[in-house]
Every structure is written in C-alpha cells, then in structure tokens.
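Here are my notes on this model, as numbered points. Please read them with the coordinates open.

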Amino acid sequence: VRVHKSLRIVSRVALLVIFGLGLFAGLITHYSYAFQFRQLPNAGPSNLHILGTDQLGRDLLTRLLYGTRISLLLAPAAALLTTLVAAVLGGIAGLRGGWIEKVILASADLAMSLPLLFVLIALRAFLPLDLSPGVSVVVTFLTLGLLGWPSSLRVVWAVARNLRGSDQILLARALGYRSSQLLFRQILPSLRPVSLAQFWIAIPLFILTEATLSMLGLGVMEPLPSWGNLLHGFEDFSAMAANPWRMTPLFVLVFTVICFQFIFPASEELA
Amino acid sequence: MKRISYFPWLLLPLCISASLTPSARAQEGRALEFCLHGEPKTFNPILVDDEASENIRYLTGGVLVRVNRQTQIMEPSLAESWQLSRDGRKITFHLRKGIYFSDGAPFSSEDVAYTMRLLMDPKTHSATADAFRSGEGTVDVQTPSADTAVITFPARIVGLAQAFDQVAILSARSPKKEMSVLGPYYVSEYKAGSYVLLRRNPNYWKHDADGHALPYIETVKLDIQRNRDVELMRFRRGELQLINRLDTEQFDRLHKEDPAVARNVGTGLDGEEMWFNQTSSSALADYKKAWFQNTGFRQAISAAINRADLAQIVYNGYATPAYGPVSPSNHFWFNTSLAAPQHDPQAALQILSRSGFRLENGTLKDGTGHPVAFTVITNSGNAAREKMAAMIQQDLSQIGISMKVVTLDFPALIERITRTFDYEACILGLVNTDLDPNSQLTVWMSSGENHQWNPNEKVPATPWEAEIDALMKEQASNPDEKVRKASFDRVQQIVAEQEPFIYLVNKNVLSAVSADVLGASPVALSPQAFWNIETLKLKPSRELGATK
C-alpha cells in the first residue's frame, strides 16, 4: 500500500508536469510545430533541436509538446464520454432487467457490429473539406467517444446485474428508493471502480485509434501534431532504430498510460 | 553383368554435361525467385488487366514485335518484319518460320488470325484490345500464306505496330489453349495465394550470339506477396533475387547494407501532380472559380512550390523536379526545349500582383478582398503525397496563401474529382505505362473524362484547350512521326505555360538485384528488373559448389 501510495504521488506529479508542458508549449519552445527546417530533415538531437527533427525537418520537441496538448486533452475527454454513456446505460440495463435490458444490450451488439473505421470514413466523406484542423480533431474524438461505449457497457452491465440481487439494493428498495435514486445513489457509485478501469483502458485505446485514423486521413490533419501522427514513423521500425530519438513520443505515451494506472487509489487502499 | 550394362547410362549424361559450356545449357537446379504483388487474375494473355498477370504475360507470351525496354525502340520478334500501309489502317507481318509453341504445336499466321479475332471480339472484353479500337467496323485478318498475316482496321491507328507489344499470340490448334505459349517460359505450376512456377520453354525460338538456346535460367518462381516489407526481408535473406520496384526508404536501407544490389535506374515515367478544380458546374464560390481559372494564379502557385525540396526531402533525392506531362526518361516524346521549373516566390508575387491579387499583412487577397485560401485533397495512406502537401503548405504560406490538407480514402476522393466535383485542388500521381501520347488522349482532349481540371467539356472552355484539342487530333491522325512529335511538343509547351496540371516530381525507378543474378540491368520501363529475363543468369549456388 505504501509503495502504491508513493507511485500514486509520483504519477500525479508526472501527469501534472506532462499536462503543464502541453498547455504551456508556447512558452517552452519558440518554434512553430509546422515550420520545416528543410536543410535539417531527420536531424539528430542538438542544441537547436533537443529531440532532433522529423522527416520534414520540423522540430520534434515542439511537435511533441503541442501533440501532448491535443492527445492529453481530447483522448481523456473521449474516454470520459464513452465511460459515462457505458456506465449510465449499463447501470440501467443491469438494474432494470427485462425488455429495457434486452433493448440496451441489443443496441450495444448492433453498435459493436458496425465497423468503426468504415463509420468514420463515411462520416469524413460527409464533412465539409474546409473544416479547420482543430474542428476536425474535435469531431474525430467526439465521434470516437460516441461510438466507443458498447465494449465498456458489457463489462459495466455484468457488474450492475450482479448488484441487482445484492443485499445493498434489496435494502435500498426496502427503504423505498425510486429507480433513479437506486441508479444514481447505489448502482453508479458501486460501478465506479469498474468504470474507472474502463476509463483508463479507453485513453490509450483512443490515442492509438486516433493514430490509425490519422493514417486514414480521418484523425488529426497536417500540420497539427498529435501523439497519433507522431507515432506514424513506427511503420518503418528500422528507420526508427537508426534514429532512436524519434521514439520519444512512444516513451511519453507509455509513461503517460502507466501514470494513469497509478493516479487513483488501489482497491486495497480504498478498503 | 549388371554393372557393365549400367555403365554407359551413367556415362552418357556426364558426357553431355561436359560437352556444354555453363552458358550453353539451361541453368538447372536453382530457380530465379521474385515476387508478384497480387494474385494473377488470369493466365489468358488477352484478358490481362492487372500487374501480376501482365508480368506473367511478359514472361510467357510471344509477341510479333517487342519494344526494347532499354532502347525504347521496336524490334522484330515472332515477326521478322512488318509493313504499315500509308493510310495507317493495314499492317502486314512476315513471320519467322520453324517456330513451335511450348507444347510442340507449330506457329503460323493462322495463330495470329485466331488471336486477333479473339482479341477484337466484343464478348472477350479485352483491355488489350482498346489500343486497337479505332472506329466502327470489324477488323479483317487475312493469311495469304503460313508466314504472312495482314490485319486491316476500320480506321487509322496511330502507333499501331507498337500496340502489338502487348499482344501475346495464342495457339489456334493446341488443346492446351492459352497455356501453350511462345514466350521464354511457360506456366508449370500455380498454387493460389502462394506462387506461380514458370519453366523454360524448350521450344523458345531465340538463341544467343553463340547459338545457344535462351533463356538460360531453367525455372522462375514468382511468389505472391503483397507486403513489400516482407519482400525486402526475404530479399535480404537471399530467398529472392529481384525486386522490381522499391520505395525510397527501402532503397536507402538496402543501399546502406549493400550498394551493389540497390539499383537506382534514374527518372521513371511516373509523375506526381497538383491541379485546381476549374469545372464550371462545381459548387465552388464564384471568386474561387475565378482564381482557379486564372492562368496567372496557377503560374504563381507553380513558381512558389519548391520542387527541388520535394524531390530531396520526400523522395530522399530519388526524384527530379517535373517539367511537364512527359518524363525525360521517355526519350522520344519528351520536349527538351521546355524550361526547367524555377522556385521563385518573388516572381510568384509579381505574377499575382499582375493578376489583381495583393499581399496585405502577410495574407494574399484577391481584387474583391477575399483572402486566398483553399483545401487540397489527396488519398490517405500515401505518406509521400501527405508529406508533399505539408511542404507545399509551407511554400504557399510564404506568399500569403493558406492551404489546408485533407486526406480521403480513395473511393471518396475519386467520387469528388470525377462525379461531384466537390473539391478545390487535388494532388495525385500519374502512372504512365505507355510511351506514346496517344494513350493520353482522354487526358488532353477537352471532351475527355480524364481531362481532370475540367472533364467532359462540350466545347473547349479556353482557346488554349481548343489548340490542344487540334494538336492532339493532329498527332493522332498523322502517320509521320516528325509531325506527331512536333504536335505533341507544342502540347507540352502549352501545358507548361498554362499549368492546368502543376507537375511536381518524376520519381526514380528503384530496383534491387541480388549479386547472384548476372546480366541484370534494370530500366525505367516495366518490367523494370527482369525485362531481359532471357539473358539473365544465376551464379551457381554455394551449396551446389560445395557438393561439387
């Protein structure tokens, strides 16, 4: 417990630092994330470019900082949206049972059977071309958030269904709780650990989905950076091995995801 | 007794073996192995419409005339000679004698007639036949003798003889149908999704200068492998001996490891280009249509783009700034008098100023005060085009133009550029497989559906498009090559001045040839690395040497 507590503090500080670096990117670097130093493509770390440059000669540190801002604000936002939808619908399905449960689960199955990428491709085809990159990225994460709930819902519903027959709920019913009170005062708080787990799982998932979408032209558009499009270079691993500094975004991503796992108390601590 | 009786049988092959020089006998044992990047859709040469089948047709098909991929000059093949009539409708082939198909069926003019009738039959739906469709009416094939075939078309076909490079002759009599071939190899085995095994055609008619039968290599194994990285990995392991085309990063990687195997052939035929939507019926705002239809605007954009940087950074230097619709590697048709494109942002601003645009606080505005901003689309997943778009974005920002980049999946992009015309500008590549400009008629004729900046015009929208129409008709109807060349040179000149397409770069052809392969000299034309398959040789394998 003590080790976990220490890790939690370290993780919270680290995440605050990473968030801070992203938010105040303009104060940390004086380069533009889009400017191409064409005489220095694929340059290694130097005094001028601490993390080197990318294939077009853009300062990698600057792109990482601005990319952090986008990924760390929008991926958790999309994960939160997904988790909220899954918790509410999963809670209702688990609590009420019957035809409501059947309708919600069938909707989840239907949504899961939709190929997400094709839905997003179709959506992109309908969006106007002159959307700014900023609006485009918000639309992308919003869509991810709205389409990502079914897999979380199944997990949340399974827990909620077990709660339905529990002493806690029986007691609450005996005390005259209405359905909405049961949901918001009893079920949803009990679902918090599993919802939190789904939330942390969803964040890296959305970051990586955004990377895939960027590749398909549906994610963050050039020249706007994100962790997703910074990871594109990993298609060519040997090039990465030759320019190891370009792996920094991967390390930052992994470190951030690990930090997210530790920032909330473990179940032992809660107990 | 038994030992004595076997002795001569043991000696006989040894004697035959000793009497042949290594180059004289086909190289048995080892197979030349390389990859097809897709499943061949057919082995019938007249139905070919995909790259994998085309490669197999090249390796197995016997043709009447062959365009030498290195010199780009037509050479006799199954036909010793040919004559074209003055009206360009009739071609007479004089065939070689004593030639046999791979299964032993004799070759004659009847086979040429059978092939042409089958090819031109509308029920066949042959893409190869498109090159021969010149007008209403049927194609007449006469066979006055076993070694003479006379083919008459309903109307003139420009570049007629050259079109026969794609027509592999089928046997009229062989029960094996299209599997009976006249090319250097025949299809011996095919395992769907895995490989195609070709074996040396024992009846192939060609011999080397010393009179030895060609091809030298006994077996060619074509592995079906879509993944280019796996292909490269297998090549590095020594499992493959050729890679026809590499991308720049693969090439660089290979070049660092072993410069001798990575072959930079130089500028290829393919180019990358950008164009603006000039379609009158599009839903674009009128002021944007006015920009895109303004020659000065297009010229300024062209001058502002740093093509040398595109070639150097996006293609690691394995590309050259593009001059126009014809690559310099097309020796005959390239207009050498075209001026090289210059990167000059100041000149771009001057042109824009003359065209009524002005720069205000770093933003370019048109005469009515609209800031100049547009969106360019390209197909997603093409890293090179995405990088080029990002670089052009920065180039144009230097003259105050804001350009957004949107990548779309290919079907959505095609829908926009061919049907809805809901786009402003586009970056795409042009794949050239044919040297002759006649194949570009649908691009340059204003009525053409591939006249991408403004397709299917009922009448030419501008005087220069009308002039191009006239020149393209002239080159398509005049049998005199000099006149055709002069006409198409002028077309290239007009295109360079008007810039309906802003040509960006011509990509280099990059191949890989293992040190085990002797005689390979990759070229710009397809099939780049194995165009001279007949004369390629394999070094004896180490294993074989150890056994010896």
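**Notes on the two-chain model**

1. Gly97(A) follows α3(A) and has a positive phi, near 65 degrees. Helices here are DSSP runs (H or I, at least four residues), and strands likewise (E, at least two), numbered from the N terminus.

2. Basis. This is a predicted model: local features need pLDDT of at least 70, side-chain atom pairs count only at pLDDT 80 or more, and totals for chains, interfaces and linings use all residues. Residues are numbered from 1 along each chain as its sequence is written, chains are lettered from A and ligands numbered from 1 in the order in which they are written, and side-chain values use heavy atoms, with hydrogens and water left out.

3. Helix α3 of chain A covers residues 60-96. Its 37 residues should span 54 Å at 1.5 Å a residue, and the end C-alpha atoms are 52 Å apart, so the two agree. The expected span is 1.5 Å times one less than the number of residues. α3(A) is mostly covered, with 26 of its 37 residues buried. Buried means under 20% relative accessible area, exposed over 50%, partly exposed in between (1.4 Å probe, protein chains only).

4. How much do chain A and chain B bury between them? About 2100 Å², 51% of it on carbon and sulfur atoms. This is the accessible area (1.4 Å probe) that two parts lose on being put together, summed over both. Arg38(A), Leu56(A) and Leu129(A) lose the most on the chain A side, together 33% of what that side buries.

5. In contact terms (heavy atoms within 4.5 Å), 25 residues of chain A meet 26 residues of chain B.

6. The rule finds 2 salt bridges across this interface. A salt bridge needs a side-chain nitrogen of Lys or Arg within 4 Å of a carboxyl oxygen of Asp or Glu. Arg38(A) and Asp395(B) form one, at 2.8 Å, N to O. Helix α5 of chain A (residues 116-126) gives the most to the chain A side, with 3 residues.

7. Two asparagines of chain B deserve a look. Asn201(B) sits in the loop between β9 (195-200) and β10 (217-224). Asn201(B) counts as buried because its relative accessibility is 1%. Residues that Asn201(B) touches include Ser102(B), Val181(B) and Tyr186(B), leaving out those up to four places away in sequence.

8. Asn361(B) lies in the loop between β14 (358-360) and β15 (363-365). Asn361(B) counts as exposed because its relative accessibility is 83%. From Thr143(B), Asn361(B) is 218 residues away in sequence and 76 Å away in space, C-alpha to C-alpha.
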